[in-house]
Amino acid sequence: MSTMRPSPWSIGIVMLAVGAGSVAFAGTHGVPPTAASIAAAAVLCAGGVAMLVRRRWSFWVALGAALATVALAVVNFVFRREPPIGLPLPSIVTLVIGLYLTLRILLAKSAFDPPLPPVETDEP
């Protein structure tokens with residue numbers, strides 16, 4: 001019986017798209033990107049690149065980037081900041097994206113561990 005292993009490259013591409021896309025298209029919606037939003041997007045892109053590199057430390061870098069996105073969204077909710085200090089998106093959107101990325105990264109943790117050797121049985 002084979003098991004499916006999650007692919008870290010797909011979540012890495014999503015992290016890059018959300019990080020770069022949120023800053024690139026923020027100005028078209030009347031929200032000019034600030035230095036804080038560019039920094040938050042850069043952290044998210046760094047996590048995406050780490051997932052594409054697929055080293056043991058990549059999991060922790062990507063998880064830190066996703067949790068930073070969640071933390072910045074929570075700070076925006078608590079202090080009702082305008083403009084937001086995280087991604088230049090509505091706080092609820094940033095929170096949902098951060099939680100989604102965190103879940104996907106946690107599910108992909110097994111892809112960073114070496115595969116288990118196959119179990120041989122004497123059954124025909």
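Colleague: To begin, what is the place of Arg54?

Modeller: This is a predicted model, in which local features need pLDDT of at least 70 and side-chain atom pairs count only at pLDDT 80 or more, while totals for chains, interfaces and linings use all residues. Residues are numbered from 1 along each chain as its sequence is written, and side-chain values use heavy atoms, with hydrogens and water left out. Helices are DSSP runs (H or I, at least four residues), numbered from the N terminus. Arg54 lies in the loop between helix 2 and helix 3.

Colleague: Is Arg54 buried, partly exposed or exposed?

Modeller: Arg54 has a positive phi of about 60° although it is not a glycine. For accessibility, buried means under 20% relative accessible area, exposed over 50%, and partly exposed in between (1.4 Å probe, protein chains only). With a relative accessible area of 43%, Arg54 is partly exposed.

Colleague: How are helix 2 and helix 3 oriented to each other?

Modeller: Axes are lines fitted to C-alpha atoms over the stretch in contact, and angles run from 0 to 180 degrees between N-to-C directions. The axes of helix 2 and helix 3 come within 8 Å and cross at roughly 155°. Angles over 145 degrees count as roughly antiparallel. Helix 2 and helix 3 are therefore roughly antiparallel.

Colleague: By class, which residues make the contact of helix 2 with helix 3?

Modeller: Contact means heavy atoms within 4.5 Å, and residues including Ala40, Val43 and Leu44 in helix 2 meet residues including Ser58, Val61 and Ala62 in helix 3. Ala, Val, Leu, Ile, Met, Phe, Trp, Tyr, Cys and Pro count as nonpolar, Asp, Glu, Lys and Arg as charged, and the others, Gly among them, as polar. By class, the contact of helix 2 with helix 3 has 11 nonpolar, 3 polar and no charged residues.

Colleague: At what angle do helix 1 and helix 4 pack?

Modeller: Two packed helices are described by the angle between their axes and the distance between the axes. Helix 1 (residues 8-24) and helix 4 (residues 91-107) have their axes 10 Å apart and pack at an angle of about 160°. That makes helix 1, relative to helix 4, roughly antiparallel.

Colleague: How many nonpolar, polar and charged residues has the contact of helix 1 with helix 4?

Modeller: On the side of helix 1 the contact is made by Ser10, Ile11, Val14, Met15 and Val18, and on the side of helix 4 by Ile97, Tyr100, Leu101, Arg104 and Ile105. Sorted by class, this contact of helix 1 with helix 4 has 8 nonpolar, 1 polar and 1 charged residues.

Colleague: What covers the buried residues of helix 1?

Modeller: The buried residues in helix 1 include Pro8, Gly12 and Val23. Ser22 is also found in helix 1 and counts as buried at 7% relative accessibility. The cover over the buried residues of helix 1 includes helix 2 (35-53), helix 3 (58-79) and helix 4.

Colleague: Leaving aside its neighbours within four places in sequence, with which residues is Asn76 in contact?

Modeller: Asn76 has its place in helix 3, and with a relative accessible area of 4% Asn76 is buried. Among the residues of helix 3 that meet helix 4 is Asn76. Leaving aside neighbours within four places in sequence, Asn76 is in contact with Arg81, Pro84, Ile85, Gly86 and Ser91.

Definitions and conventions:
Helix = DSSP H or I, 4+ residues; strand = E, 2+ residues; numbered from the N terminus. Parallel < 35°, antiparallel > 145°, perpendicular 65-115°, else oblique.
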